[in-house]
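Student: Could we go through the charged pairs in this model, and then look at one of the helices? I would like to start with a pair inside a helix.

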Amino acid sequence: MQTRQHQLLNKFKQHNHNVNPFMPDASGQLVRVVGLTLEATGCRASVGSLCSIATMAGDLIAEVVGFDDKLLYLMPVEELRGVMPGAKVTPLGAQAGLNVGLSLLGRVLDGNGAPLDGLGHLHTDQKAPRHAAPINPLARRAITEPLDVGVRAINAMLTVGKGQRMGLFAGSGVGKSVLLGMMTRGTTADIIVVGLVGERGREVKEFIEEILGEEGRARSVVVAAPADTSPLMRLRACETSTRIAEYFRDLGYNVLLLMDSLTRYAQAQREIALAVGEPPATKGYPPSVFAKLPKLVERAGNGGVGQGSITAFYTVLTEGDDLQDPIADSARAILDGHIVLSRALADSGHYPAIDVEASISRVAPMVISEAHLEATRRVKQMYSLYQQNRDLISIGAYTQGSDPRIDNAIRLQPAMNAFLRQTMKESLSFDSCALMLGQLSAQCQG
Ligand SMILES: Nc1ncnc2c1ncn2[C@@H]1O[C@H](COP(=O)(O)OP(=O)(O)O)[C@@H](O)[C@H]1O
Ligand SMILES: [Mg+2]
């Protein structure tokens, strides 16, 4: 006869596709539920480990997120349903490893790394521990090579280096997802890992089917945790996608990690931290949020000798030009550059709506030639000159001939706009972008 513990073990294995044995501790019981937080006594389990809770609706898996003396704080990984006072809580031990392997390509996974696409099992026996040891910063290779992302405005004006971590700052509906999709199709990276966190479910489907498309999907792994999943799942989706990127990087691949969005990651951590009683500090965000952000971001980057790279884009939501937003502030400080999407540009039909004046790639000077850098400067100057005088020009207050530099900027404005624009389906190689930039900058000089 199967014992209760065996049943639980099976349930646990099923849930985690796990084969690791564990050491169950004594069972405890549920004493309180506040919002999404469950409080249990009578059992011991470490933070980050899992427990099974016997409910009316079957066993519920929850993660230990904190404790206070003999009280354990748990959060359900799935929907919280059917719990009652005194429900039995059984510690299940540490989380199982993550399924990894090349067969992940083309698949869509949930926050735990289990398939979400209905295409059956992941055909892999390989397991990776959920937490990789951080790379010694001194052992990392320096960023020395550009990564082709297939988007002209970025390749030419905001060149991204292999191993760089960029922020994509924008409000909603200005073209973040479309831009990420363009990169998945146009990049020369070997493998693309996409984390879709906190989006509406419809957007996840749209991203996979329409924006990513067959071509992009074939060399991508998507990890999705839409807005209606538990905060733990959303948090984990970010960690799982980063972990999968690390796995491929360690095998020597150049990985492009696209995380949409870092703001939702911070919000999921805020939900959890506030629920277990951490005091809010900056704009409702508890301190642990600001500790977790750099931890996640630091995992991207170049590996050591013989390993590949993780070039990462993290989207950050900025509503209504709110520069005080603590997440945007914190992200700006820990990332190696940011691309700002402007609503004004998007509204005028200028896509991708990249504001080249407000954006910066901090590693560009290290990965492009002197000539390329000089051309970027020249075009940027010309572009800014036009922007500074735009109001005068548009109301007709500027008289042609009064400043030859402004005359030139007006003459070149259509060419600069055409250069920065790109349709959704177009992919442009790094070399062709650099060549066109050279031609444009020669005109700026002339
Ligand atoms: N490169 C582009 N070319 C044409 N239209 C675009 C482009 N990028 C975005 N758009 C338009 O903007 C809309 C919103 O883009 P989306 O990427 O979904 O925004 P976000 O992810 O920032 O909320 C798209 O549905 C599309 O109509
Ligand atoms: Mg989007």
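Student: Where do E246 and R243 lie?

Tutor: In this predicted model, E246 and R243 both belong to helix α5 (residues 231-250), where three residues, about one turn of the helix, separate them. Their side chains form a salt bridge, with the closest N and O atoms 3.4 Å apart.

Student: Are E246 and R243 buried or exposed?

Tutor: Both E246 and R243 are buried.

Student: And which pair links distant parts of the chain?

Tutor: D336 and R165 meet through their side chains in a salt bridge of 3.3 Å, N to O. D336 sits in the loop between α8 (326-334) and β16 (337-340), while R165 is in strand β10 (residues 165-170), 171 residues apart. D336 and R165 are each buried.

Student: Which residues are linked in a network with R165?

Tutor: E298 and D336 are linked with R165 in a network of salt bridges.

Student: What about R81 and E79, buried or exposed?

Tutor: R81 and E79 are both exposed. Their side chains also meet in a salt bridge, at 3.3 Å from N to O.

Student: How many salt bridges does the structure hold?

Tutor: There are 18 salt bridges in the structure.

Student: Changing topic: how many residues does α6 have, and how far does it reach?

Tutor: Helix α6 (residues 262-275) has 14 residues and spans 20 Å from first C-alpha to last, close to the expected 20 Å. Its buried residues include L262, Y265, A268 and I272.

Notes: Residues are numbered from 1 along each chain as its sequence is written. Chains are lettered from A and ligands numbered from 1 in the order in which they are written. This is a predicted model: local features need pLDDT of at least 70, side-chain atom pairs count only at pLDDT 80 or more; totals for chains, interfaces and linings use all residues. Side-chain values use heavy atoms; hydrogens and water are left out. Helices (H or I, at least four residues) and strands (E, at least two) are DSSP runs, numbered from the N terminus. The expected span of a helix is 1.5 Å times one less than its number of residues. Buried means under 20% relative accessible area, exposed over 50%, partly exposed in between (1.4 Å probe, protein chains only). A salt bridge is a side-chain nitrogen of Lys or Arg within 4 Å of a carboxyl oxygen of Asp or Glu.
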